[in-house]
Structure formats: C-alpha cells, structure tokens
Amino acid sequence: MAICRARVRAGALLSLFRHYSERACSSSPISSNFQNVGFIGLGNMGFRMANNLIRAGFNLAVHDINHGVMKMFSDMGIPAKDSPLDVAESSDVVITMLPSSSHVLDVYTGPNGLLHGGSIVRPLLFIDSSTIDPQTSRKLSAAVSQCALKQEKDDWKKPVMLDAPVSGGVIAAEAGWWFPGSLSVCQTPISLNGKKHNLLWRSRNWFCKLLQAAKICNNLAMAVSMLGVSEALALGQSLGIDASTLTQVFNSSSARCWSSDSYNPVPGVMEGVPASRNYAGGFASKLMSKDLNLAAASAKDVGIECPLTSQAGEIYESVCKDGHESEDFSCVFRHHYSGQDEL
C-alpha cells in the first residue's frame with residue numbers, strides 16, 4: 001500500500017480545505033468558510049499545532065481539560081471555551097487531537113460534546129487527528145453524517161468528518177510540519193488488494209479504516225525501531241563503545257533509521273530531542289503503550305501473529321507501571337535497558 005504523503009504546513013491548511021471542498025462539491029472555493037477554527041486537545045502535539053494555526057492567521061478557539069494550558073492561550077487573547085460544545089458553536093471547522101478513543105468519544109458525544117446540540121451543528125468540517133481504533137472513527141463519521149448544518153454555505157449541505165491521524169512527532173509539530181493522513185493523501189491512486197482507489201472523503205467510512213490502520217502500523221514500527229536502537233546502543237555501551245560513536249556508525253550504514261538519526265534515545269548524543277531534556281515532552285510512553293494495544297487488538301481481529309507487537313507492548317506496559325508513563329517513549333533506553341547517559 002503506497003500512500004502519497006505531502007508535508008503540510010499550518011499556513012497551507014486553508015488551501016487544503018479549499019482543495020477538498022472543491023473535490024467534494026463542484027462549486028467555487030469557499031475559503032472564508034474555514035477561517036474560524038476550533039482546536040480541542042492541547043497536549044504536546046496539539047499545543048504546537050494550535051500555535052502554528054494562530055501564526056498562520058486563523059481565528060482560533062480552544063478547549064482542554066488542563067486549565068493551566070487554557071490560561072496560556074487566554075493570556076494570548078485566544079478564546080478558551082468551557083466545553084467542546086462551546087467550541088463547536090463558534091467554529092466553522094473543529095480539529096481534535098486527543099489521547100485515546102474514549103477521549104474522542106467523550107469530546108464528540110459526551111455531555112456538552114461537539115454533537116451534544118442535537119442533529120443541528122454549526123461546523124462544516126470536523127477533523128480528528130487523534131490515533132484511535134478504526135471502529136471509533138467510523139462510528140463518529142456516521143454520527144456526524146446524521147447531522148444537518150445550522151446554516152448551509154455554498155454547496156455544503158451536510159457536515160463532514162475527516163480522519164487525519166498525524167505523524168512526525170513533537171519535533172515536526174514544533175517546526176510547523178506534521179503529516180495529517182486524510183489531508184495529505186494526494187490524487188495519485190493507491191493499490192489495495194490489487195485494485196486502484198482514488199481517496200476521496202466521500203468514501204470516508206473506508207477512508208477512516210485505512211488511515212487509522214496505517215497510523216497504528218506506523219507507530220508499531222516506530223516502537224519496535226526505538227527498542228531495537230536502544231537495545232543495540234545499550235549493548236554497545238556494555239562492550240565499551242560510546243553511544244555517539246556507535247550512532248555515527250549506524251547513521252553511515254544499514255542500521256540508520258529515524259530512531260538513530262533524528263530521535264536518538266541516549267541523553268547527550270543529540271540536541272533538541274526528549275532524551276536531551278530528561279525525556280520530558282515528546283510522545284509519552286503511555287500513548288505508545290496504548291497504540292501497541294491497538295495494534296495487538298487489530299492483529300487479533302484479522303488472525304495475524306505479531307510477536308514483536310506483543311513483546312514491545314509488554315516492555316512499554318512495564319515502563320509505565322514503573323512510573324515513567326509520562327516520559328517520552330525513547331526512555332526505554334534508560335528504564336528498560338539501563339543505558340547510560342553520554343558524558
């Protein structure tokens with residue numbers, strides 16, 4: 001399955017909205033319909049994505065259960081809403097970036113959720129960038145499709161939900177880059193089961209399943225890669241090789257990967273990554289554990305044996321139980337392999 005990915009700057013988000021609206025509705029561009037953006041979920045990724053949208057000139061309204069981060073936005077003059085429903089009532093498009101399926105369900109369908117107002121909603125577009133199971137994505141897409149718009153605009157007769165799980169991590173979000181799934185699939189057809197498909201969001205039920213499955217598989221590979229690099233670096237240290245030296249070897253030979261050259265897990269080897277700040281920030285181990293559970297459940301559903309998924313899941317579950325659930329997932333180098341900082 002080959003997916004054409006385009007790196008998307010926050011400043012280009014408006015043109016992408018226009019692009020998808022033009023493909024779904026054979027009408028003129030409706031850029032003004034997407035100026036008021038609601039953003040829910042201001043964690044490590046969401047905080048940076050929301051800031052990039054502010055810098056890009058969108059009118060933002062935000063919500064999060066963390067009152068401290070809400071105050072940071074309100075101090076900047078950004079409306080901090082009391083509930084998801086309040087966000088929906090002031091937004092033309094709503095983006096959610098949340099930790100798990102249960103959080104997404106609560107934000108959309110819970111008390112004072114985005115859809116709590118009943119069958120009539122203001123937002124034209126709902127974009128979920130969380131990494132959740134495909135079943136929840138399909139359920140939410142169906143719920144949104146049953147709603148009507150408070151005010152129809154141009155040829156928009158119904159609200160639409162886009163499934164847009166992201167990749168690239170905090171570093172990419174900080175720099176203004178991320179990889180939103182449904183917003184970055186280009187017009188090139190992809191091959192699935194021997195057939196070519198053009199990915200239009202009109203077929204969003206199949207679309208949600210594809211994109212969430214791709215994100216789950218991506219994070220599985222990322223976890224296994226991080227474990228492999230951490231294990232090799234810890235072994236190298238035990239054999240008397242400095243981690244920086246071994247990293248140079250990896251990055252100039254066949255072991256080179258994102259975990260070695262862009263997100264190195266050894267404190268003191270690379271600046272600007274979570275390992276350089278005592279594993280603060282980044283992608284929390286508890287989220288990696290959650291994604292590995294999703295991968296394991298997906299494997300079970302289709303009857304595929306995935307031993308590395310099981311092993312990786314056990315390791316991250318253990319790391320979380322030992323009290324490191326909020327540290328970046330690269331902390332396995334220290335807490336599982338007992339690797340040493342580079343002095």
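These are legends for a handful of close-ups of a predicted model. Local features need pLDDT of at least 70 and side-chain atom pairs count only at pLDDT 80 or more, while totals for chains, interfaces and linings use all residues. Residues are numbered from 1 along each chain as its sequence is written, and side-chain values use heavy atoms, with hydrogens and water left out.

**View 1. The open sheet, strand by strand.**
Here 5 strands line up in the order β3-β2-β4-β6-β8, with parallel pairing. (Strands are DSSP runs of E, at least two residues, and helices are runs of H or I, at least four, numbered from the N terminus; two strands pair if DSSP finds at least two bridges between them.) β3 (59-63) and β8 (160-163) sit at the edges with a single partner strand each, so one side of each has no neighbour in the sheet. From one strand to the next, the twist averages 20°.

**View 2. Zooming in on β4 and its partners.**
β4 (93-96) pairs with β2 in the parallel sense over 4 bridges, and another 4 bridges join β4 to β6, again running parallel.

Helix α5 (residues 101-109) lies across β2, β4, β6 and β8, at about 165° to β6. (Axes are lines fitted to C-alpha atoms, for helices over the stretch in contact, and angles between N-to-C directions run from 0 to 180 degrees.) The axes of α5 and helix α6 (residues 134-145) come within 11 Å and cross at roughly 10°. That makes α5 roughly parallel to α6 (under 35 degrees is roughly parallel, over 145 roughly antiparallel, 65 to 115 roughly perpendicular, and the rest oblique). S101, V104, L105, Y108 and T109 of α5 meet T136, K139, L140 and V144 of α6, where contact means heavy atoms within 4.5 Å. Sorted by class, this contact has 5 nonpolar, 3 polar and 1 charged residues (Ala, Val, Leu, Ile, Met, Phe, Trp, Tyr, Cys and Pro are nonpolar, Asp, Glu, Lys and Arg charged, and the others, Gly among them, polar).

**View 3. The α12 and α13 pair.**
Helix α12 (residues 285-302) and helix α13 (residues 307-324) have axes that come within 9 Å and cross at roughly 150°. The two are therefore roughly antiparallel to each other. On the α12 side the contact includes M288, L292 and A295, and on the α13 side Y316, V319 and C320 are among the residues involved. By class, the whole contact has 8 nonpolar, 5 polar and 2 charged residues.

**View 4. Two residues, two surroundings.**
S83 is in the loop between α3 (67-75) and α4 (84-88), and at 8% relative accessibility it counts as buried. Leaving aside residues up to four places away in sequence, S83 touches H63 and N112. Q248, in helix α10 (residues 243-251), counts as exposed at 57% relative accessibility. The C-alpha atoms of Q248 and D261 are 8.6 Å apart, with the two residues 13 apart along the chain.

Technical notes:
Buried means under 20% relative accessible area, exposed over 50%, partly exposed in between (1.4 Å probe, protein chains only).
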